[in-house]
Amino acid sequence: MVDVLVTNGPMLIAIAAAFGFLMAWGIGANDVANAMGTSVGSNAITIKQAIIIAMIFEFAGAYLAGGEVTSTIRKGIIDSAYFVDSPELLVYGMISALLAAGIWLISASALGWPVSTTHSIIGAIVGFAAVGVGTDAVEWGKVAGIVGSWVVTPAISGFIAFMIFQSVQKLIFNTEDPLENAKRYVPFYMALAGFVMSLVTIKKGLKHIGLHFSSGEAYAMAFGVAVLVGIAGMFAIKRLKMSKSADLQTQFGNVEKVFAILMVVTACCMAFAHGSNDVANAIGPLAAVVSVVNSGGDIAGQSSLVWWILPLGAVGIVLGLAIFGKRVMQTIGKNITHLTPSRGFAAELAAASTVVIASGTGLPISTTQTLVGAVLGVGMARGIAAINIGVVRNIVVSWVITLPAGAGLSIMFFFMIKGIFN
């Protein structure tokens, strides 16, 4: 059946590229909106500014750090050995997985549901592999780990966000002189944010462009960045003109302005780290198709990227956010709970911290679920009444049906594509 790949190779690559672009568009519409939602919801930045920041930093992350080499078999979810005798099945499967995940992400974005792009593509890959090839082709242990992460990931980030926000309340807002305490403590929060964000960028971003650092080096560099950010923050806050004699409400407003500046920095870092990491959800399966077709059916564990794949993914992500990202931003930033810059900062820092913890322990993670958990944690700090339970219920339902929805669509498309080309 290798003849099928040779005869239809250019057409299969063109179809895979179109569906890969659709998938990247869906990632932009759904996942990038998660990274920017807290900043927009807390009014630290406008939607227009969020789109501009995301366009620059998501594109930079995806293009500069999105992967010289991408693993063709997504995170070890399926065993490539089962496709050696019939490589065309892997090509059909990856194409159908891209289409299935892309359609699911766009549907969820239209409904304003923040779902996991990683889980969407994994569900799609599991679907075609289990039904089209055999259940033994799927690494079910990995799938079980993903299902477990639905509970573990939001719980960790929610707890961290709860603790960060409580500390902000105790040290700054619930004091007699919130402005003076903000000047004293906010540089430390800035340093902590600098440490976590630089660690996310180093561990999840720079490794893709051939810059490999040991854990010790990464932590040392992140600590250096933290010290610089803290010192710069101290000077920046001192230069802010704020009246100490103002009433308490005005002082609270001034403190929130300080956190708003901080949120812009965290949003930029989150966008870069997200672009570098999640563009692989779109270009990984596409790279697999191109590699198998160009090699005449040889299935390799790794494949060098063809030059046009990375820009295709980066442009798709940016367009998806700009055209269709508003609804998910609204859900994350405004509909779960009321966010201010200090609350949004606590949520974003907690989400980034969870990403660092997860990447260090190998826990399968969804940035979406991490951020939603963090926003819930901030809401819980103000009491259960501060949370819109109906919105949270819809989000949890969307998480649960993501894997089976991706799998079901992928199975259907797999047999359709197989019927057309075989």
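**Helix 3 against helix 4**

I started with which residues of helix 3 meet helix 4 in this predicted model. On the helix 3 side I noted Leu-89, Leu-90, Gly-93, Met-94, Ser-96, Ala-97, Leu-98, Ala-100, Ala-101, Trp-104 and Leu-105. Their partners in helix 4 are Thr-117, Ser-120, Ile-121, Ala-124, Ile-125, Phe-128 and Gly-132. Sorted by class, I get 13 nonpolar residues and five polar ones in this contact, with no charged residues.

Next I looked up the geometry. Helix 3 spans residues 87-110 and helix 4 spans residues 117-132; their axes come within 8 Å and cross at roughly 140 degrees. I put the pair down as oblique because of that angle; the cut-off for roughly antiparallel is over 145 degrees. The crossing of helix 3 past helix 4 is right-handed.

Back in helix 3, Phe-128 touches Leu-89, Leu-90, Gly-93, Met-94, Ser-96 and Ala-97, among others. Its list of contacts also includes Ile-78, Phe-83, Val-133, Ser-410, Ile-411 and Phe-414.

Where does Phe-128 sit in the largest nonpolar core? I found it among the residues with the most contacts inside that core, together with Met-36, Ile-78 and Phe-259. The core has 129 residues, and helix 8 (residues 248-294) gives the largest share, 21 residues.

**Thr-331**

Last, I checked a residue in helix 10 (residues 326-335), namely Thr-331. Is Thr-331 buried or exposed? I count Thr-331 as buried, because its relative accessibility is 7% and the cut-off is under 20%. Leaving out residues up to four places away in sequence, I listed Gly-112, Pro-114, Ile-336, Val-391 and Ile-395 as touching Thr-331.

How values were computed
Residues are numbered from 1 along each chain as its sequence is written. This is a predicted model: local features need pLDDT of at least 70, side-chain atom pairs count only at pLDDT 80 or more; totals for chains, interfaces and linings use all residues. Side-chain values use heavy atoms; hydrogens and water are left out. Axes are lines fitted to C-alpha atoms, for helices over the stretch in contact, and angles run from 0 to 180 degrees between N-to-C directions. Helices (H or I, at least four residues) and strands (E, at least two) are DSSP runs, numbered from the N terminus. Angles under 35 degrees count as roughly parallel, over 145 as roughly antiparallel, 65 to 115 as roughly perpendicular and the rest as oblique. A crossing is left-handed if the near helix is turned anticlockwise from the far one by less than a right angle, and right-handed if clockwise. Contact means heavy atoms within 4.5 Å. Ala, Val, Leu, Ile, Met, Phe, Trp, Tyr, Cys and Pro count as nonpolar, Asp, Glu, Lys and Arg as charged, and the others, Gly among them, as polar. Buried means under 20% relative accessible area, exposed over 50%, partly exposed in between (1.4 Å probe, protein chains only). A nonpolar core is a set of buried Ala, Val, Leu, Ile, Met, Phe, Trp, Tyr and Cys residues joined through side-chain atoms within 4.5 Å.
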